[in-house]
Amino acid sequence: MELSRKLLGQRLFEKLMKMTFYGQFVAGEDHNAIKPLIHKNQAFGVGAVLDYSVEEDLTQEEFSSLGADHREKKYKAHRQFGDRRGGVISARTYFYADEAKCDNQMETFINCIKASGGVSNDGFSAIKMTALGRPQFLLQFSEVLVKWRKFFNFLAEQQGKSDMTALEKRLELEQLKESLTQMGVAAKDDIENWFTGEKLGLSGTIDLLDWNSLINDTTKMSNLLMVPNLETGQLESLSNTFTAEEESQMKRMLQRVDILAKHALENGVRLMVDAEQTYFQPAISRLTLEMQRKFNREKPVIFNTYQCYLKEAYDNVTLDVELSRREGWYFGAKLVRGAYMYQERARAQEIGYEDPINPDYEATNRMYHKCLEYVLEEIEHNRKANVMVATHNEDTVKFTLEKMNEMGLSPTDNKVYFGQLLGMCDQISFPLGQAGFPVYKYVPYGPVNEVIPYLSRRAQENRGFMKGSQRERSLLWNELRRRFLGGQIFYKPVY
């Protein structure tokens, strides 16, 4: 009897959720259930980014056990910020449980890719790198990349180039070799071999992209260079040695990423890699970049996500665009404002490192438009870049449309996409779709009980959209009035 009550209560709960929040923000429980909604949206010119929204994370205790004393503050695992869902209302989270779980999550993403290919001939599928491997690798590799970049900036400062943008900084090669030798980083002959072996500095200078290429094998991190600690001046290993098991886990993660990219290519689906917190993001961006170099040769298959509330967003975008130019592959980007602001700020203040977030919303808007304009100019001149303008901000949509018009970029070129969340900002999505612009809804799906964390954040986030909801209601009434007076009660899709 007790079991029957529980089952009845569960069914009532699921029915209520499907009539309210679940029905508003989630497309269905599996890839078959979501097909009617996908096809309905497609009839109005709106595509889909499929996003299997089941999630999980480590507890604070589990995450704090991952700590390593040698790491810089930012890249240590801290108990207070172990469960990354805290204070996050606009992104889902995954984290490592064990290798079998990672394999299961990879299969889930493969099914999502196949479903996307099955319901749309130009769809996207979203993946989370944190679902595919052990966090130590992402933390440690992120720290390596950031330390290496800081070292480059330190050397640039020595050469009087600290005020230049990331792309403008070019180190004089001979002066660089001399500095590295004097610091004791390596013997002079070894330093000479680094650059000649990579065929760098033929022009007499080294830029940040050349510098980054010296770290080109993520499976051999234990053999990386010694660098000076910029606080103590003492030489230290850029990265501590992985154990044999950690090396094996890292390779399996890279294999999973490669498998997903191949499935995306085979199914005609573009793969969108979601962004994470700043202590994971450098590694995720680098791995995504490696996927782009391999799979974006003929067309943009892999898209990276850039969070424009970050102070370094413009540098990151411009560096990756420049690398795609040099190597001749297609640059793919999704631009977002960002999902982890409050958590990132609290963590930086509590642990004691520089806040990575722009000081206010206006600064973030300027950063978003600056990054967007740069990519649009790249599309105008090179035609090998693609960008998704993922925003609910009407001013940004208008900004994009105006720039496209100025640059002569046609919506039929299919190089500039727009993206909004399912259940939000339909007054932006559907008019764009009807006007012929490539526009997509992020379409979450999954069992009712397992998407509750996602739904709870959608409910919180939606409170901030009440003004937008009022505007939507006003626009709907105006449209109904127009149709009634014009004798056009029913609307037929253009597709």
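## A pair within helix α7

Glu174 and Lys177 form a salt bridge, with 3.6 Å between their closest N and O atoms (a side-chain nitrogen of Lys or Arg within 4 Å of a carboxyl oxygen of Asp or Glu). This is a predicted model, where local features need pLDDT of at least 70, side-chain atom pairs count only at pLDDT 80 or more, and totals for chains, interfaces and linings use all residues. Residues are numbered from 1 along each chain as its sequence is written, and side-chain values use heavy atoms, leaving out hydrogens and water.

The two residues sit three apart in helix α7 (residues 173-183), so about one helical turn separates Glu174 from Lys177. Helices here are DSSP runs of H or I with at least four residues, strands are E runs of at least two, and both are numbered from the N terminus. Glu174 is exposed at 55% relative accessible area, while Lys177 is buried at 9% (buried is under 20%, exposed over 50%, partly exposed in between, with a 1.4 Å probe and protein chains only).

## A link between helix and strand

Next come Arg326 and Asp207, whose side chains meet in a salt bridge at 2.3 Å, N to O. Arg326 belongs to helix α12 (residues 313-327) and Asp207 to strand β4 (residues 205-207), so this pair ties together parts 119 residues apart in sequence. Arg326 is partly exposed at 40%, whereas Asp207 is buried at 1%.

In helix α11 (residues 281-295), Arg286 and Glu290 are four residues apart, about one helical turn. Their salt bridge spans 3.1 Å, N to O. Arg286 is buried at 10% relative accessibility; Glu290 is partly exposed at 30%.

Salt bridges with shared partners join Arg170, Asp207, Asp210, Glu322, Arg325, Arg326 and Glu378 into one network. Across the whole structure, the search finds 27 salt bridges.
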